[in-house]
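Subject: Handover of a structure and findings

Dear colleague,

Please find below the structure that I am handing over to you.

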Amino acid sequence: MDASYEDGQLCSTFYIDKTDKIGNVYVGRVINIIPSINAAFIDVGLGDYFYYSLKDNENTHLFTSNVSRTKLATGDEILVQVSKEAMKTKKGEVTGDISFTGKYLIINRSGAIGVSHSISDNDTKDRLKTVVGEMIRDYDYGDIKEIINLGAIIRTSAADADIEKLREEFISLTDKLCDLVRRSRYMKACSVVLESGFEYMDIIRNRLVKGFYNNIKIITDKRDLYDDLTAELSDDEIDISYYDDEMVALDKVYNIETDLKKLFSRTVYLKSGGSLIVEPTEAMTVIDVNSGKAIKGKNAEASYLKINMEAASQIARLLRVRNMSGIIIIDFISMKDPESVKRLTEHMKSELKKDEVKALYVDMTPLGLVEITRKKITKPLTLDDFN
């Protein structure tokens, strides 16, 4: 388990699920094509079929046999990567836009070059697009040049990167993709071409690249993880420590179990005296903010704002710790002052920006209910996952 602390508070968790297939690459077989939903269903040998959007993959079909046509047909064998795991009644999803993530770049098969929205300077954007474009053009693709359809996303950290380091990463990631494509040609349908392994490195990379944390310190009691981290992050000047005290477990030092129990409870208490009631349902998660006690008098509005502001920060933490996804409805304490409502709204939006997963403040309804959506990638966590 990965637990992240910010300012002394548990702010996110990641449970390493050895059955998770996200990022794995397979030779899949097209089982059925459904024109009405513009999708196909792919068998990768995991016992259930995966959803494959024909619209999203219009230019990324990668046949493992010599097929001259571009339109998909039942029985075709194509290279796919798992992008979402199955959740409840929803099937998992695969994509033909196979990608590999690095510190500076995400190499994919989109055929286009994108730039992180966090890079706002147009001259920097144009310079980086030109540099990466030249790398894509000059790379030696050999016998797969006509089918690779290479593209890239330039990440925030590339803005100040040394060009040679950028080039080294580009070559490393592109070599990996091209090798994968070549190997897939000699593999049977429903074969695993690549097992992505645990996602912890991508998660740490995302936190570093997006700049959520300053002065990061990583402590682990897993020797193999420590070796991986020091090898991968040696250039990032991060304090990485190996914890080997056999007398006291690492999770006990940081009271992780206690923090998890508090944050996974139905009722989560706030320091201001208020509380959150968290009710997951089939369609959405509903969170009710309570004042905890009657507040009357001329300072009631200020008290409500204080509780709501703390609640907003705590809710943003809960989204990450519990890995909540889909629609989240929040019933904050009602406030009459428009300025108070504005401050709460801006604060909620600011807290959501700390999330590694895309979380969006949608709107506040006429009844004062706040709607948030958070991207579904992996299943929501429960306390049982950590036991």
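Predicted model: local features only at pLDDT ≥ 70, side-chain atom pairs only at ≥ 80, totals over all residues.

Residues are numbered from 1 along each chain as its sequence is written, and side-chain values use heavy atoms, with hydrogens and water left out.

Strands around strand 3

Helices (H or I, at least four residues) and strands (E, at least two residues) are DSSP runs numbered from the N terminus. Two strands are said to pair if DSSP finds at least two bridges between them.

With strand 4 (residues 39–43) it pairs in the antiparallel sense over 5 bridges, and the bridge partner of Val30 in strand 4 is Ile42. Strand 3 is also joined by 5 bridges to strand 6 (residues 77–84), again running antiparallel; here Arg29 stands opposite Glu77. With strand 12 (residues 192–194), strand 3 pairs in the antiparallel sense over 2 bridges, and Val25 stands opposite Leu194.

Strand 4 in turn runs antiparallel to strand 5 (residues 49–53), with 5 bridges joining them. Ala39 has Ser53 of strand 5 as its bridge partner. These two strands form a hairpin with 5 residues between them, and Gly45 in the turn has a positive phi of about 90 degrees.

Two asparagines with positive phi

Strand 3 and strand 4 form a hairpin too, with 4 residues between them and Asn38 in the turn. Asn38 has a positive phi of about 50 degrees although it is not a glycine. For accessibility, buried means under 20% relative accessible area, exposed means over 50%, and partly exposed lies in between (1.4 Å probe, protein chains only). Asn38, with a relative accessible area of 36%, is partly exposed.

Asn255 is another residue other than glycine with a positive phi, near 55 degrees. It lies in the loop between helix 6 (250–253) and helix 7 (256–263), and at 44% relative accessibility Asn255 counts as partly exposed.

An open sheet is formed by 4 strands in the order 8-9-11-10, with mixed pairing. Its edge strands are strand 8 (100–101) and strand 10, each of which pairs on one side only. Strand 9 (residues 105–108) and strand 11 (residues 151–154) pair in the antiparallel sense over 4 bridges, with Ile107 opposite Ala152. Strand 10 (residues 113–115) runs parallel to strand 11, to which 3 bridges join it; Gly114 stands opposite Ile153.

Aromatic contacts

Rings of Phe, Tyr and Trp (its six-membered ring) pair if their centres lie within 6.5 Å; planes under 30 degrees apart count as stacked, over 60 as edge-to-face and the rest as tilted. By this rule there are 4 aromatic pairs. In one of these, the rings of Tyr139 and Phe170 have centres 6.1 Å apart and planes at 85 degrees, so the pair is edge-to-face. The pair links distant parts of the chain, 31 residues apart: Tyr139 is in the loop between helix 1 (122–138) and helix 2 (145–148), and Phe170 is in helix 3 (residues 163–184). Tyr139 counts as buried at 15% relative accessibility, and Phe170 counts as buried at 1%. Together with Tyr141, Tyr139 and Phe170 form one aromatic cluster.

Elsewhere, the charged end of Arg223 sits over the ring of Tyr242, 4.0 Å from its centre. The rule for such a contact is that NZ of Lys or CZ of Arg is within 6 Å of the ring centre and within 35 degrees of the ring normal.

The second largest pocket

On a 1 Å grid over the protein atoms alone, a pocket is an open set of points where a 1.4 Å probe fits, with protein on both sides within 12 Å along at least five of seven lines; lining residues have an atom within 4 Å of a point. The second largest pocket is lined by 31 residues, of which Met87, Lys88, Ser325, Lys376 and Pro380 lie nearest its centre. Strand 16 (275–280) and strand 18 (326–331) each supply at least two residues of this lining.

Yours sincerely
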